[in-house]
Amino acid sequence: MIFNAFERMVALRYLRARREEGFVSVIAGFSLAGIALGVATLIIVMSVMNGFRAELMQRILGLNGHLGVYERNTRPLTDFDAVAAKIASVKGVVRVIPTVQGQVLASAGNVAAGANVRGIRAEDIRARPIIADNIRLGTLDDFKGRGSVIVGSRFASKFNVRPGDPIRLVSPQFNPTAFGSVPRSKQFRVAAVFEVGMFEYDSSFVFMPLEAAQIFFQSKNAVTNIEVFLANPERVRSIGMEIVSAAGNAVQVVDWQQANSSFFNAIEVERNVMFLILTLIILVAAFNIISGMIMLVKGKGRDIAILRTMGATRGMVMRIFLLAGASVGIIGTTIGFCLGIAFAGNIETIRQWLQGLTGTELFAAEIYFLSQLPSVVKTSDVFTVVCMSLSLSFFAVLYPSWRAARLDPVEGLRYE
């Protein structure tokens with residue numbers, strides 16, 4: 001739709017309401033603010049939800065692998081190196097890591113708490129960037145032998161241990177003695193402290209050399225599972241079938257989508273619900289535009305009649321009010337777009353500033369799993385929000401503009 005200079009001039013004049021039309025101007029101002037607020041909030045919320053999903057996927061998949069291969073009858077995997085070699089030959093497989101997993105009671109000083117132990121070879125943990133690139137204290141060079149472990153930063157803080165300090169692990173498995181069965185217990189030395197930025201991992205995960213874990217959990221020459229990393233995590237289903245064929249039907253495969261389906265589905269549902277709820281802000285602002293434009297048309301009845309008698313067509317009148325009403329939506333959307341992008345791009349800095357200003361923790365890692373507030377701005381989401389806002393604003397002014405175009409000049413002059 002093309003607007004000529006006369007239509008643009010009249011539309012701009014109607015947007016600058018006079019004193020007696022102040023209420024119309026107030027409604028237009030609230031409509032503009034509502035649209036700006038709705039667009040900015042939608043962009044920020046969508047960006048944060050995208051950031052949550054991306055960060056959680058990066059940490060969960062970086063630490064757990066894309067596929068887990070287990071013995072079908074839930075027994076430990078024996079001859080695991082041969083099985084790992086067969087899995088590594090499958091196209092699309094990047095890395096194969098035999099692992100021993102188990103739960104223990106960890107204690108140091110007067111503190112005791114549960115922990116998850118992962119037995120892994122030193123070369124495999126060095127090849128895992130999420131751990132190797134996030135060592136905060138100590139060094140992976142000390143991760144060797146049967147008496148060293150690597151713990152998370154929050155775990156180390158909770159137990160008040162540093163590299164070189166001892167920590168005792170108690171297994172739920174029992175050793176028979178002359179006085180009855182007693183839990184298996186062994187003291188280990190902290191070799192290094194890692195921090196991946198996810199509360200669950202940093203507070204409860206303990207990595208142990210594979211040989212030491214096999215002895216501690218009584219899994220000699222066996223592992224509980226084999227972790228498989230793929231070049232493309234989205235192809236877990238098809239590659240999983242190839243792995244079962246290559247390794248034999250005695251194994252079963254659990255991919256990351258199955259293991260974390262409820263978690264990621266909850267994030268997706270929350271994201272969609274938040275989108276619908278926050279869209280109502282823009283919708284309410286659009287209704288304000290309708291009411292404001294109807295009041296403007298009523299107040300400009302005499303002006304419309306004069307324009308018609310001077311030769312203005314119904315199309316020109318309709319375009320004038322379309323431009324006047326749509327300008328509120330366009331300006332509001334532009335302001336909201338700029339605010340949303342700026343806020344989403346600096347949300348962690350803003351969080352830190354607000355925390356320092358109020359003295360309260362606004363993003364507790366114990367609740368939200370991550371230690372930082374993530375944000376990923378997707379062009380597709382921003383495009384959807386902007387198009388939706390502009391569309392609602394445009395459709396909101398169609399009826400008032402149509403009413404203005406249908407106004408009879410005689411009736412407009414008679415009642416003024």
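In which sense do β1 and strand β11 (residues 225-230) pair, and over how many bridges? They pair in the antiparallel sense, over three bridges, where pairing requires that DSSP finds at least two bridges between two strands. The model is predicted, so local features need pLDDT of at least 70 and side-chain atom pairs count only at pLDDT 80 or more, while totals for chains, interfaces and linings use all residues. Residues are numbered from 1 along each chain as its sequence is written, and side-chain values use heavy atoms, with hydrogens and water left out.

Strand β1 also runs antiparallel to strand β12 (residues 251-255), to which five bridges join it; helices (H or I, at least four residues) and strands (E, at least two) are DSSP runs numbered from the N terminus. Two of the facing residues are listed here.

| Residue | Partner | Partner strand |
|---|---|---|
| E71 | V251 | β12 |

Because four of the five residues of β1 (residues 67-71) are buried, this strand is largely enclosed by the rest of the structure, buried being under 20% relative accessible area, exposed over 50% and partly exposed in between, with a 1.4 Å probe and protein chains only.

Turning to the helices, V273 is found in helix α11 (residues 261-299), and V273 is partly exposed because its relative accessible area is 40%.

Helix α13 (residues 314-345) has 32 residues, which at 1.5 Å a residue should span 46 Å, and its end C-alpha atoms are 46 Å apart, in agreement; the expected span is 1.5 Å times one less than the number of residues. Helix α13 bends by about 30° at A326, the bend being the angle between axes fitted to the seven residues ending there and the seven starting there.
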